[in-house]
Amino acid sequence: MTQEAIIKALQNGSLTSYEIENMTGIPRTSIVAACKKMFHKKKLTTEKIKSGRCWITRYTLEPH
(Lines give C-alpha, C1' and ligand atoms only; values in the text may rest on other atoms or scores of the structure.)
Protein backbone atom coordinates (compact mmCIF):
# COMPACT_ATOMS: atom_id res chain seq x y z
CA MET A 1 0.00 0.00 0.00
CA THR A 2 2.79 2.42 0.90
CA GLN A 3 4.78 1.63 -2.24
CA GLU A 4 1.68 2.09 -4.41
CA ALA A 5 1.00 5.52 -2.88
CA ILE A 6 4.63 6.54 -3.41
CA ILE A 7 4.56 5.42 -7.05
CA LYS A 8 1.35 7.41 -7.66
CA ALA A 9 2.91 10.50 -6.05
CA LEU A 10 6.11 10.21 -8.09
CA GLN A 11 4.38 9.77 -11.46
CA ASN A 12 4.32 13.56 -12.02
CA GLY A 13 8.02 14.06 -11.22
CA SER A 14 10.66 13.75 -8.54
CA LEU A 15 9.82 14.60 -4.92
CA THR A 16 11.48 14.63 -1.52
CA SER A 17 10.19 12.58 1.42
CA TYR A 18 8.77 15.78 2.96
CA GLU A 19 6.72 16.47 -0.17
CA ILE A 20 5.53 12.85 -0.39
CA GLU A 21 4.49 13.01 3.27
CA ASN A 22 2.44 16.16 2.65
CA MET A 23 0.74 14.62 -0.40
CA THR A 24 -0.07 11.17 1.00
CA GLY A 25 -0.26 11.64 4.77
CA ILE A 26 2.00 8.61 5.32
CA PRO A 27 4.64 9.08 8.07
CA ARG A 28 8.07 10.01 6.74
CA THR A 29 9.78 7.01 8.39
CA SER A 30 7.50 4.64 6.47
CA ILE A 31 8.15 6.54 3.24
CA VAL A 32 11.92 6.34 3.67
CA ALA A 33 11.81 2.62 4.47
CA ALA A 34 9.62 1.88 1.44
CA CYS A 35 11.82 4.03 -0.81
CA LYS A 36 14.94 2.16 0.33
CA LYS A 37 13.31 -1.15 -0.60
CA MET A 38 12.21 0.23 -3.97
CA PHE A 39 15.71 1.64 -4.59
CA HIS A 40 17.29 -1.78 -4.03
CA LYS A 41 14.74 -3.29 -6.46
CA LYS A 42 15.82 -0.64 -9.02
CA LYS A 43 12.36 0.99 -9.15
CA LEU A 44 13.64 4.38 -7.90
CA THR A 45 16.66 6.58 -8.32
CA THR A 46 17.86 8.91 -5.59
CA GLU A 47 19.66 12.23 -5.58
CA LYS A 48 21.10 14.03 -2.56
CA ILE A 49 20.37 17.78 -2.50
CA LYS A 50 21.56 20.42 -0.05
CA SER A 51 18.85 22.41 1.75
CA GLY A 52 20.38 24.93 4.13
CA ARG A 53 22.57 22.88 6.46
CA CYS A 54 20.78 19.60 5.75
CA TRP A 55 21.00 17.01 3.02
CA ILE A 56 17.66 15.83 1.63
CA THR A 57 17.08 12.89 -0.70
CA ARG A 58 14.98 13.42 -3.83
CA TYR A 59 13.31 10.31 -5.25
CA THR A 60 12.52 9.74 -8.92
CA LEU A 61 10.77 6.80 -10.59
CA GLU A 62 13.02 4.70 -12.79
CA PRO A 63 11.82 4.77 -16.43
CA HIS A 64 10.39 1.43 -17.53
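This is a predicted model: local features need pLDDT of at least 70, side-chain atom pairs count only at pLDDT 80 or more; totals for chains, interfaces and linings use all residues.
Leaving aside the neighbours within four places in sequence, Glu47 touches Ile56, Thr57 and Arg58. Glu47 sits in strand β2. With a relative accessible area of 40%, Glu47 is partly exposed. Follow the chain for twelve residues and you reach Tyr59, yet the C-alpha atoms of Glu47 and Tyr59 are separated by 6.6 Å.

### Two charged pairs

Side chains of opposite charge can pair when their charged atoms come close. Glu47 and Arg58 form a salt bridge, with 3.8 Å between the closest N and O atoms. What does this pair tie together? Arg58 is partly exposed, at 27% relative accessibility.

How many salt bridges does the structure hold? There are two. The other pairing is between Glu21 and Arg28, and here the closest N and O atoms are 2.6 Å apart. Glu21 is partly exposed, its relative accessible area being 24%, and Arg28 is partly exposed too, at 32%.

Here are the two pairs side by side:

| Salt bridge | Closest N and O atoms |
|---|---|
| Glu21 with Arg28 | 2.6 Å |
| Glu47 with Arg58 | 3.8 Å |

### Where α2 meets α3

Glu21 and Arg28 also turn up in our next stop, the meeting of two helices. The axes of α2 and α3 come within 9 Å and cross at roughly 120°. The crossing of α2 past α3 is right-handed. Which residues make the contact? On the α2 side they are Ser17, Tyr18, Ile20, Glu21 and Thr24, while α3 brings in Arg28, Ile31 and Val32. Sort these residues by type and you get four nonpolar, two polar and two charged.

Between α2 and α3 there is a loop, and Gly25 is found in it. Is Gly25 buried or exposed? Its relative accessibility is 59%, so Gly25 counts as exposed, the cut-off being over 50%. Gly25 and Ala5 are 20 residues apart along the chain, and 9.9 Å separates their C-alpha atoms.

### The two faces of α1

Now for helix α1, which covers residues 2-10 and has Ile6, Ala9 and Leu10 as buried residues. Why do we say that these line one face of the helix? Looking down the axis of α1, you'd see the buried residues fall within an arc of 90°, so they line one face. Turned away from that buried side is a face that carries the exposed residues Glu4 and Lys8.

And what do the buried residues of α1 pack against? Their partners are β1 (15-16), α2 (17-24), α3 (28-40), β2 and β3. Two of these partners, α2 and α3, are the helices whose axes cross at roughly 120°.

Last stop: Lys42, in the loop between α3 and β2. Most residues other than glycine have a negative phi. Lys42 isn't a glycine, but its phi is positive, at about 65°. Lys42 is also exposed, with 66% relative accessibility.

Notes:
Residues are numbered from 1 along each chain as its sequence is written. Side-chain values use heavy atoms; hydrogens and water are left out. A salt bridge is a side-chain nitrogen of Lys or Arg within 4 Å of a carboxyl oxygen of Asp or Glu. Buried means under 20% relative accessible area, exposed over 50%, partly exposed in between (1.4 Å probe, protein chains only). Helices (H or I, at least four residues) and strands (E, at least two) are DSSP runs, numbered from the N terminus. The arc is that of the directions from the helix axis to the C-beta atoms. Contact means heavy atoms within 4.5 Å. Axes are lines fitted to C-alpha atoms, for helices over the stretch in contact, and angles run from 0 to 180 degrees between N-to-C directions. A crossing is left-handed if the near helix is turned anticlockwise from the far one by less than a right angle, and right-handed if clockwise. Ala, Val, Leu, Ile, Met, Phe, Trp, Tyr, Cys and Pro count as nonpolar, Asp, Glu, Lys and Arg as charged, and the others, Gly among them, as polar.
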